[in-house]
Amino acid sequence: MIVMLVFSYIWMQTMFLGFNFRKNFGCGVSPEEKAKKMQAYKVIRREYSKLGSMTFAEISVLNLFVLLVLLWFTRDPGFMPGWATNSFNLNKQYITDTTVAIFISLLMFSFPSEVPTFTFRNSGESDDKKKIQVPSALLSWKTVNEKLPWGVVLLLGGGFALAKGSKESGLSHWLGDKLMPLESIPPAGIAVIICLLVATFTECTTNAASVTLFLPILASLAKVIQIHPLYIMVPGTLSASLSFMLPVATPANAIVFSNGYLKVTDMVKA
């Protein structure tokens, strides 16, 4: 991850700012440009200070997000029993990451955005009546209907459907058969070919779907060509994350593309 981050940073710097690294990193900048940068920095700091401290709603969303991540990690960690395997008398296939996401979403529809308060009013009667002010929830269906990019949902769903169709139609087995001649190639060459194949395929479907489709194939291939399965499965898994080119490749690409500021050609060029 660190190596890819360094290479990506150098590539983006070169592509959008040119080869003048001395100027890009602020070396040899004139006093006028330094003054402009300082003014911009002050504006950013001033706008940041206007945000104030975190509100009750923001803290609640943060806590729910942390809870979401913890439930994801502890559902079925593999190296130890997870809550999904011990807490319910159900097959663990019925409790997935989607179950956790829907659960947290339902909590956001029911959790208040402000601390419920109790106020008193004099109604002219002998005793005061207590009135409860019920705040709105963190999330409402109106907000979801207006703000959620449904095109992204359909786009990612299509990627999962493509992977499922490839598995059910026998395409995965066909690919496994076509990879059998690789046993005559040195193991390092096999790893490179697998990386290129998976990185190309993951541009058309989601990362998780690509891994779900290819890992069984790579495991069978390793058994046939008699090398350690992790030698080609680990590079293949990492290559599934190199999905930067098409909107359907990963949720991050789809979200950025849905804003309408980029075209597919812009993403492919970069």
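**Ser 239.** I began with a serine and asked myself: is Ser 239 buried or exposed? In this predicted model, Ser 239 has a relative accessibility of 5%. Buried means under 20%, so Ser 239 counts as buried. I found Ser 239 in helix H12, which covers residues 230–239. Next I listed what Ser 239 touches, leaving aside neighbours within four places in sequence. The contacts are Cys 195, Val 198, Ala 199 and Thr 202.

**Leu 242.** I moved along to Leu 242, in the loop between H12 and H13. Leu 242 comes out as partly exposed, with a relative accessible area of 29%. Not counting residues up to four places away in sequence, Leu 242 touches Met 4, Ala 199, Thr 202 and Glu 203. Ala 199 and Thr 202 were already on my list for Ser 239, and here they are again for Leu 242. I also checked Leu 242 against Asn 207: they are 35 residues apart along the chain, and their C-alpha atoms are separated by 8.5 Å.

**Aromatic pairs.** How many aromatic pairs does a search of the whole structure find? The search gives three, and I wrote up two of them.

Phe 56 and Phe 111 form a stacked pair, with 6.3 Å centre to centre and 15° between the planes. This pair links distant parts of the chain, since Phe 56 sits in helix H4 and Phe 111 in the loop between H6 and strand S1 (117–121), 55 residues apart. I looked up the exposure of both rings' residues. Phe 56 is partly exposed, at a relative accessible area of 33%, and Phe 111 is partly exposed too, at 36%.

My other entry is Phe 201 with Phe 214, an edge-to-face pair: 5.1 Å centre to centre, 80° between the planes. Phe 201 belongs to helix H10 (residues 187–201) and Phe 214 to helix H11 (residues 207–225), so this pair ties together parts that are 13 residues apart in sequence. Phe 201 is buried, with a relative accessible area of 17%. Phe 214 counts as buried as well, at 3% relative accessibility.

**H4 against H6.** Helix H4 (residues 56–75) meets helix H6 (residues 97–110) at an angle of about 160°, and their axes are 10 Å apart. That angle makes H4 roughly antiparallel to H6. The crossing of the two helices is right-handed.

I noted the residues that make the contact:

- From H4: Val 61, Leu 64, Leu 67, Leu 68, Leu 71, Trp 72 and Arg 75.
- From H6: Asp 97, Val 100, Ala 101, Phe 103, Ile 104, Leu 107 and Met 108.

Sorted by class, the contact of H4 with H6 has 12 nonpolar residues, no polar ones and two charged ones.

**H8 against H13.** Helix H8 (residues 150–168) and helix H13 (residues 251–258) pack at about 145°, with axes 9 Å apart. Their crossing is right-handed. H8 brings Val 152, Leu 155 and Leu 156 to the contact, while H13 brings Pro 251, Ala 254, Ile 255 and Ser 258. I sorted this contact of H8 with H13 by class as well: six nonpolar, one polar and no charged residues.

**Lys 164.** While in helix H8, I also checked Lys 164. Lys 164 counts as partly exposed, at 48% relative accessibility.

**Gln 226.** Gln 226 is found in the loop between H11 and H12. Gln 226 is exposed, with a relative accessible area of 72%.

**The whole chain.** The protein chain has 14 helices and two strands. Of its 270 residues, 23% count as buried, Ser 239 being one of the buried residues. Among contacts with a separation of 6 or more, 56% are between residues 24 or more positions apart.

Methods:
Residues are numbered from 1 along each chain as its sequence is written. This is a predicted model: local features need pLDDT of at least 70, side-chain atom pairs count only at pLDDT 80 or more; totals for chains, interfaces and linings use all residues. Side-chain values use heavy atoms; hydrogens and water are left out. Axes are lines fitted to C-alpha atoms, for helices over the stretch in contact, and angles run from 0 to 180 degrees between N-to-C directions. Helices (H or I, at least four residues) and strands (E, at least two) are DSSP runs, numbered from the N terminus. Angles under 35 degrees count as roughly parallel, over 145 as roughly antiparallel, 65 to 115 as roughly perpendicular and the rest as oblique. A crossing is left-handed if the near helix is turned anticlockwise from the far one by less than a right angle, and right-handed if clockwise. Contact means heavy atoms within 4.5 Å. Ala, Val, Leu, Ile, Met, Phe, Trp, Tyr, Cys and Pro count as nonpolar, Asp, Glu, Lys and Arg as charged, and the others, Gly among them, as polar. Rings of Phe, Tyr and Trp (its six-membered ring) pair if their centres lie within 6.5 Å; planes under 30 degrees apart count as stacked, over 60 as edge-to-face and the rest as tilted. Buried means under 20% relative accessible area, exposed over 50%, partly exposed in between (1.4 Å probe, protein chains only).
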